Amino acid sequence: MNQENEKISFTEAIRWQGRSWKVLGSLCPSLFISGILYEVSNAAIPLVEVWLSARILNELVSERDPRILFRLVVIQLVSSAVLAAGRALLLRWKNYEEAVCSQGVEKIYIDKMIGMDFENIDSQYVYDTYSQICQSDNWGGWGLKDSIYRTAQMAGQLARIVGGVGLSVTLFASKVPVDGGYGWLNHPLCLVVILGILLFVTLFSFVCSDKANGCVDKASGEIMLSNRFFAFFGNMCTERERAADLRVYEQQENVCNPYMERMDMFRRGGVLAKTFAGPMGLWNGLSASLSAILTGAVYLFVCMKAWAGAFGVGSIAQYVGAITSLFLGLTNLLRSLGVMRFNAAYLKNTFAFLDIPDKMYQGSRPIEGTADNRTAAGKGLPDQPASNKEFEIEFRDVSFKYPGSQDYALRHVTMAFKMGRRTAVVGMNGSGKTTFIKLLCRMYDPTEGQILLNGVDIRQYRYSDYIRLFSVVFQDFVLFALPLGENVAGVKDYDRERVKECLEKAGFSRRLDKMPDGLDTYLYKDLDKEGVEVSGGEAQKIAIARTLYKDAPFVILDEPTAALDPVAEMEIYSKFNDIIEDKTAVYISHRLSSCQFCDEILVFDQGRIVQRGSHQILVADTKGKYCEMWTAQAQYYQDGEQKFAPL
Ligand code: ADP
């Protein structure tokens with residue numbers, strides 16, 4: 001979407017605004033109420049004060065009755081104090097609701113992201129749309145949040161208009177004595193002229209501010225791009241995983257700074273500064289001068305009527321205040337409508353994201369014995385753990401293309417996982433190993449063919465039940481900056497003994513003994529300054545412990561040992577059979593030597609299973625892919641004789 005090119009009609013803008021009200025009305029109704037009340041009080045309080053002041057001044061220049069004056073002054077003081085306190089309370093309430101609602105709006109996006117089909121997360125369109133939402137929000141609070149503030153502000157403008165009309169009715173109704181020579185001031189034409197000027201200045205002022213906003217609109221595309229650069233290069237410096245590269249290659253100096261310097265948007269004397277100082281400033285200045293002319297004309301008219309005896313001089317402040325309020329209310333209401341239309345483009349983008357359809361079929365068939373095994377002992381544990389059940393998964397002539405891709409990543413894959421057996425998946429980079437696992441976990445559905453669980457297409461099952469069958473350590477797994485125990489358990493309330501046991505099995509017990517707060521030690525320093533940094537290998541052990549704690553019947557290790565040193569790898573391998581106990585294990589590796597213990601080895605090449613069998617059978621086939629890879633890798637391990645004996 002190009003916001004800079006998008007001109008949305010008022011009808012369409014109101015439709016988007018209405019949709020936004022629907023979403024936010026149920027999410028944060030209190031913010032609407034507190035926001036509207038605050039803006040209305042903001043508009044009404046000055047009018048109340050000016051009305052009371054006029055009463056006091058009129059009394060001072062007429063009867064000068066001390067009792068009445070005293071009463072009026074007390075009312076003025078008390079009402080000012082009460083109204084100011086009320087406004088402060090409303091502001092606090094509104095601020096509180098804003099903070100809560102802000103989190104609520106974030107949660108809308110988070111829920112959408114987490115709930116969407118995995119293939120959507122991979123899509124460039126989803127990434128772009130979501131990035132634009134974040135950038136627009138960072139840049140000017142555009143999108144859902146703006147629609148709430150705009151609503152409250154429009155309510156405030158309406159209150160200004162109603163108050164202004166209410167307080168200025170008597171200006172036109174009060175008649176000047178005809179014998180003083182100013183009788184013409186009673187003529188209806190005067191009312192028409194004043195209202196005409198008011199209307200003209202209001203509309204002209206709106207046009208000026210629209211032109212001023214147009215200057216920013218024109219630059220909005222560039223502003224968004226610059227924001228994107230700023231966000232990217234700004235965040236880059238704080239990302240731990242980039243810190244080493246940044247320093248070694250001096251990327252800050254050589255890459256980031258030149259890019260930042262080339263951006264002409266936010267610099268002193270840059271595009272935005274020139275826009276503010278140039279055309280935008282001129283239009284805003286013109287709008288301000290016109291409103292000063294209106295105030296002058298109103299003053300003149302009101303003073304002449306007071307001079308001619310239509311009302312007391314005290315009322316001058318009231319009428320000037322009332323007409324100014326009416327003018328401000330009208331101008332700002334028109335501006336708010338313009339901004340509402342401007343924001344509609346952002347709302348449209350927001351709903352384009354929220355409306356991204358999830359195409360994957362969601363079955364409802366339950367899988368027995370798949371309750372969450374992660375809560376603390378005794379809580380929520382299934383009668384019979386899933387790991388004790390019989391599950392057999394079969395790929396039946398499965399082919400798969402990634403969305404938008406012409407090439408097959410998998411081709412005619414047919415195989416079955418037998419309970420309790422270890423299967424290795426080996427092959428060169430890009431041969432389809434990870435894709436195979438993604439399909440197994442139903443992150444994508446096959447383009448052709450079927451995957452069956454106990455003879456039933458996996459699409460028929462409830463996904464939350466199905467995914468509980470798997471514990472996976474992905475190559476690019478991520479740990480949280482949370483306590484170690486919570487990382488392993490994946491829940492807050494967990495079984496500490498079982499977590500320790502899993503860490504021990506994963507070879508982490510010696511490191512655990514050194515953790516200052518044991519399982520309660522925070523990983524990394526994001527949330528706790530005493531947090532502990534763990535190495536890549538240690539992180540991998542924690543991730544392996546996490547798979548064990550989940551206690552799912554299928555354990556998948558997608559090259560989990562890539563970052564382990566050989567000794568640690570040996571430690572893990574030698575314990576491997578114990579670690580996974582009787583689970584069905586799928587083991588992906590580029591080190592063929594590690595796969596010998598597996599019951600079956602699947603050799604992938606260009607998306608196809610080109611060979612299968614035990615290590616002995618495969619290595620004996622000297623013309624096969626496995627033997628070719630084995631011989632190539634053996635050179636790393638052997639130097640005349642085998643140095644690093646594969647397990
Ligand atoms: P391996 O795990 O064996 O290295 P992958 O399963 O990751 O291989 O990749 C198999 C093929 O699918 C490769 O040609 C790769 O480029 C392609 N591929 C992987 N992920 C995507 C994706 N998200 N979109 C499009 N193509 C992809």
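How many salt bridges does a search of the whole structure find? The search finds 19, a salt bridge being a side-chain nitrogen of Lys or Arg within 4 Å of a carboxyl oxygen of Asp or Glu. The model is predicted, so local features need pLDDT of at least 70 and side-chain atom pairs count only at pLDDT 80 or more, while totals for chains, interfaces and linings use all residues. Residues are numbered from 1 along each chain as its sequence is written, and side-chain values use heavy atoms, with hydrogens and water left out.

One of the salt bridges joins Arg-150 to Asp-146. Their closest N and O atoms are 2.7 Å apart. Both residues lie in helix 6 (residues 144-173). They are 4 residues apart, about one turn of the helix. Helices are DSSP runs of H or I with at least four residues, and strands are runs of E with at least two, numbered from the N terminus.

The chain is assigned domain 1 (8-174 + 311-354), domain 2 (221-264), domain 3 (392-469 + 574-647) and domain 4 (478-551). These bounds come from an automatic or database domain assignment. The centres of domain 1 and domain 2, taken over C-alpha atoms, are separated by 38 Å. Domain 1 gives 6 residues to the contact and domain 2 gives 4, with contact meaning heavy atoms within 4.5 Å.

About 560 Å² is buried between domain 1 and domain 2. Buried area is the accessible area (1.4 Å probe) that two parts lose on being put together, summed over both. Carbon and sulfur atoms give 63% of this area. In domain 1, Gln-132, Gln-135 and Trp-139 lose the most area to domain 2. Together they account for 75% of what that side buries.

UniProt, in an unreviewed entry, lists residues 21-48, 68-90, 184-208, 282-302 and 308-334 as "transmembrane region". Such annotations may be inferred rather than shown by experiment. In the model, residues 282-302 are 100% helix and 0% strand, with end C-alpha atoms 30 Å apart. Residues 308-334 are 78% helix and 0% strand. The end C-alpha atoms of that span lie 35 Å apart.
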